[in-house]
Amino acid sequence: MTDHPSLTLATFAAQLDFVSIPQAVVERTVNLYVDWLGSALAGKGARPVETIARFARQAGGGAVNGNGGPSEVLIDRSRTTPYFAAMINGAASHFAEQDDVHNGSVFHPATVVFPVALALAQANRASGRDFIAAAVAGYEVGIRIGEFLGRSHYKVFHTTGTAGTVAAAATAGRMLGLSPAQMLDAFGSAGTQASGLWEFLRDAADSKQLHTAMAAANGLMAAQLAADGFKGATHILEGAQGMAAGMSSDADPARLVDRLGTRWATAETSFKYHAACRHTHPAADALLAVVHEHKLAPRDIAKVVAHVHQGAIDVLGAVVTPRTVHQAKFNMGTVLGLVAYHGYAGVTEFEQGFDADSIAAFRDKVEMAFDAEVDAAYPARWIGKVTVTTTDGRTFKGRVDEPKGDPGNTLSRDEIATKLHRLAAFSGAATEGEAAALLGNAWKIAGQARVESVFGTEANATVAA
C-alpha cells in the first residue's frame, strides 16, 4: 500500500483500535474533547451560528420520529439527527476562536472531529472507548492531510474546511465500523466535497463557521453513504485530479503515511489561550513577556513590530481595519492592543472593546514584518518575536519559542476547566453549576459504557475497570 497512500491512511483509520492508542494519547484526546466543549458552548447566540441552526431546523433536522432525534445540539440542548447535530455543533465550536490547532498542518481538528464523534456516538449508543478511537482516527487523518497539502494550500484554502471534511469522514467511518475499502470510499466522497476559501476575511463574511459546519456534516454523510455501498474516488488525495492536484503546488504524499501508528499527531495538537486567530498568539505572548519584564504600560509603547512567518501575513494582512468582533480576531494590532491593555485577549475583551478608541490607537502602532527565522521554522514551530519601541526611545526585544497552549507549554486540566467555565458564562449556554456537572461527566468520557447526553446525568454509567 506504499504506492497508494489514500488506501494506507484509510486502512489505518478503519482498523484503529482503542487498545492500540497509548494512554498518554487517550488522556490528551480527553483534554481536547473537554476543551472543544467550551468552544461549542461559546457559539450560543452568535448570529452566524444561529443562522445555520435555523437552516438545519427548517431543513427537517428538528423532528425525527416525533422526538427530535438522537443527537444533541449543544447551544440549545435540543435533539436532532446526527447530520444536523454535527453541522450545528461544528459551526458553534469555530466561532469564539478558542478551538484547538495543530501547528504543522495549520488545521483545527476538534471543530470537525468531535461534532461527528459525539453525534454518532449518541445515535449509536457507542462506548467512550469507541468515541475516543473515532476521534483519534479523525485527528490523525486530518492532520496528515493538512501536512500533505502544504503551505501553498493554506495560502488560499482554509485547511479546516478542506482536510477537515476528510477528517470528519474518518471519524464517522471509524464510528460506523467501515471496512478499509468502505473508508476509502468515504474519503473519496468527502474529498470531492472539500472546500473553504480565505476570501471571506476581506468582507467580514460568515464563511468560517460554514466551513466547519459543512466539513463535519459532509464528512459524516460521506461515511454513511459508504456504509450503504456508495463508491468514492479511490485516489482522492494524491490522484491526478485529486485534492492535491487542484489545491496545492507543494504536496508531499509521504506526509500522509508518516509513521502511522507510532507518531501520534493528536498529541501534538495545541490549545488556544487567546480568543483569536492562532497566527497572532506567538506575537501576543512575546509582547506580554516584554511588558511584564520591563513593566510597561500601554501608554509607554510607541511602536510594536511583530516578526512573523509568511502564513501570518497571508491571513492577517487581509484585515486592515476590523469591522466586527470576529474580523478583529484576525487583526494583529487589535490582538496586541487587547493584550497590552488587559493582559489577555479573551472573548469578553474582544466583545467589550475591540473597537475602543484606545485599542484602535494601539492598533495603529503595530506592524507585521516578515522574519526569515520565524518563517523557516513554520509550520512545525510557531515562534513569537516582537520589537517594542517605547515613547522615551528605548527598544526591547521579546521572544517566545512555544506560545501558551503548545504541547511544551500546554494548558493544565484546571486551566481547561477555567476556560470552559469562562466560555459557557460568556454565551450563557450553561450556569456555573451546569458547567461543573458537565465537566465532571466529560473528564470520564473514555470510561463511559455509553455516550449519552453531555448535560444529563444518564451518561454516567462506566465500563468496569
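Here Ala, Val, Leu, Ile, Met, Phe, Trp, Tyr, Cys and Pro count as nonpolar, Asp, Glu, Lys and Arg as charged, and the others, Gly among them, as polar. The model on your screen is predicted.

**Stop 1: the largest pocket**

Select Asn103, Gly104, Ser105, Pro379 and Ala380. These five lie nearest the centre of the largest pocket. Its volume is about 350 Å³. The lining counts 25 residues. Colour them by class: eleven are charged, seven are polar and seven are nonpolar. Now select residues 128–156, helix H6. With six residues, H6 gives the most to this lining.

**Stop 2: the largest nonpolar core**

Stay with H6 and look for the core. The largest nonpolar core has 91 residues. H6 gives the most here too, with 13 residues. Select Tyr33, Phe131, Ile145 and Phe187, the residues with the most contacts inside this core.

Zoom in on Phe131. Which residues does Phe131 touch, not counting those up to four places away in sequence? Show Tyr33, Phe114, Ala117, Leu118, Ala121, Met175, Ile445 and Val451: Phe131 touches each of them.

**Stop 3: a second core**

Next, select Ala306, Leu316, Val325 and Met332. They are included in a second, separate core of 50 residues.

**Stop 4: a hairpin**

Select residues 384–390 for strand S5 and residues 395–400 for strand S6. The two run antiparallel, joined by six bridges. Pick out Val386 in the pairing; its bridge partner in S6 is Gly398. S5 and S6 form a hairpin, with four residues between them. Click on Gly393 in the turn, which has a positive phi of about 90°.

Now show the side chains of S6. Which residues of S6 point to the buried face? Phe396, Gly398 and Val400 do.

**Stop 5: His421**

Move to residues 413–427, helix H19, and select His421 within it. Is His421 buried or exposed? Buried means under 20% relative accessible area. His421 has 18%, so it counts as buried.

Show what surrounds His421. Leaving aside neighbours within four places in sequence, His421 is in contact with Glu432, Ala435, Ala436 and Leu439. Gly43 and His421 are 378 residues apart along the chain, yet their C-alpha atoms are separated by 14 Å.

Technical notes. Residues numbered from 1 in each chain as written. Predicted model: local features only at pLDDT ≥ 70, side-chain atom pairs only at ≥ 80, totals over all residues. Heavy atoms only, no water. Buried < 20%, exposed > 50% of the residue type's maximum accessible area, 1.4 Å probe, protein only. Pairing = 2+ DSSP bridges. 1 Å grid on protein atoms, 1.4 Å probe; cavity = no way out; pocket = protein on both sides within 12 Å on 5 of 7 lines; lining within 4 Å. Points joined across faces, edges and corners; volume = space filled by probe spheres on them. Core = buried A, V, L, I, M, F, W, Y, C linked by side-chain atoms within 4.5 Å. Contact = heavy atoms within 4.5 Å.
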